[in-house]
Amino acid sequence: KFLRFVVRCPPIMVKALGSTPTQAARINKTHCKATKCSPGINMAKPVERPLPALQPQVQNLRADEVIEAPIPPLVVGDLDQALALLNQRGAGAWNDQLAALKWIRQLAGTSPLQLTPVFAQVIEITLVAASSLRSGLAKEALETVGDLIRCLPQELDAVASQVVPILVPKSVSDKKFLAVAAAQSCKALVGPNSASVVLELTELARDKNAQVVLASARLVHASLESGFDLAGAGDGVRQAVMNAWAGVLSLARRSESRDLADAILTKLRTAVGSDAFEELAANLAPREKIAVNSLVSSLEMSRSQMTSSSAGFREFLKTKRTAQLENSEQAK
């Protein structure tokens with residue numbers, strides 16, 4: 001720009017270059033009024049500006065956009081390599097772990113029997129990744145746990161003590177995308193043959209977080225609805241169910257958790273019978289025993305009302321039928 005300006009106005013500008021700064025500014029201002037060129041340029045001290053080619057070429061970017069270079073996909077050769085990648089530690093290992101989790105999910109969908117010998121090991125490593133500070137890696141790990149359980153449900157009993165205490169609290173996390181992923185995986189815990197899962201869920205009934213208690217109650221109730229047989233379960237499972245949900249039932253304030261505990265204990269009484277139910281309730285603390293006795297009284301009252309209403313309805317039908325027969329005989 002400086003050279004173009006000098007070439008454009010050589011007679012006066014050359015003189016301005018040899019003048020003092022004050023004289024040069026005066027000459028520059030007088031010349032710009034006459035020629036209508038850009039004012040304010042001090043020819044005694046030219047302004048240095050970066051060349052256009054050196055300026056960064058950033059176009060159409062918002063202030064919150066982040067440009068990341070594309071990451072080349074990692075090729076996982078076999079299960080041993082995938083486990084080795086999952087066991088990596090360090091700040092830069094999360095990308096390899098993510099690729100290994102995706103590969104394991106594909107393997108579980110196509111050839112799940114290959115995972116049977118190392119199922120517990122895979123679950124353990126995946127649960128460690130589920131607690132990662134990398135949210136994308138944690139979400140992938142939670143979804144992987146659900147896929148592994150769905151593809152190999154017969155292996156659930158062996159890993160229930162590891163999976164349930166992590167998945168259920170994650171399902172009520174403040175981070176909604178992680179909570180959704182964990183809740184979807186928790187659905188894989190529900191089944192008719194999940195005695196170990198029900199036993200682990202009863203342990204969460206004593207959790208200090210009310211949301212965790214509610215989530216565990218929903219899962220236990222869903223297991224009972226799906227056909228889990230409390231009568232065929234062991235005495236330890238039945239007593240654990242009684243102790244845990246009687247404690248929830250004895251809470252002072254009415255809540256959804258108490259309603260679910262009511263439904264769970266009702267199903268337990270129906271499954272094992274009233275005598276066995278009373279034997280289980282005999283081992284409870286006084287406060288919990290009062291809550292269970294109140295539940296039994298309400299059940300007996302509702303049953304007697306249903307019986308009386310049914311008897312009354314049968315009597316009404318009998319009287320109506322007799323009246324119809326008498327009317328038909330009179331008509332004849």
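**Exercise 1.** Which residues in α7 meet which residues in α9?

*Solution.* This is a predicted model, in which local features need pLDDT of at least 70, side-chain atom pairs count only at pLDDT 80 or more, and totals for chains, interfaces and linings use all residues. Residues are numbered from 1 along each chain as its sequence is written, and side-chain values use heavy atoms, with hydrogens and water left out.

Step 1. Helices are DSSP runs (H or I, at least four residues), numbered from the N terminus. Contact means heavy atoms within 4.5 Å.

Step 2. On the α7 side the residues are Ser135, Ala138, Lys139, Leu142, Glu143, Gly146 and Arg150; they meet Phe177, Leu178, Ala181, Ala182, Gln184 and Ser185 in α9.

Step 3. Sorted by class, this contact has six nonpolar, four polar and three charged residues. Here Ala, Val, Leu, Ile, Met, Phe, Trp, Tyr, Cys and Pro count as nonpolar, Asp, Glu, Lys and Arg as charged, and the others, Gly among them, as polar.

**Exercise 2.** State how α5 is placed against α7.

*Solution.* Step 1. The axes of α5 (residues 94-110) and α7 (residues 135-151) come within 9 Å and cross at roughly 20°. Axes are lines fitted to C-alpha atoms, for helices over the stretch in contact, and angles run from 0 to 180 degrees between N-to-C directions.

Step 1. That makes α5 roughly parallel to α7, a label for angles under 35 degrees.

Step 2. The contact of α5 with α7 has nine nonpolar, four polar and five charged residues.

**Exercise 3.** What is the mean pLDDT of the chain?

*Solution.* Step 1. pLDDT is the predictor's confidence in each residue, from 0 to 100. The mean is 76, and 67% of the residues reach 70 or more.

Step 1. Over residues 40-75 the pLDDT is below 50.

Note on methods. Helices (H or I, at least four residues) and strands (E, at least two) are DSSP runs, numbered from the N terminus. Angles under 35 degrees count as roughly parallel, over 145 as roughly antiparallel, 65 to 115 as roughly perpendicular and the rest as oblique.
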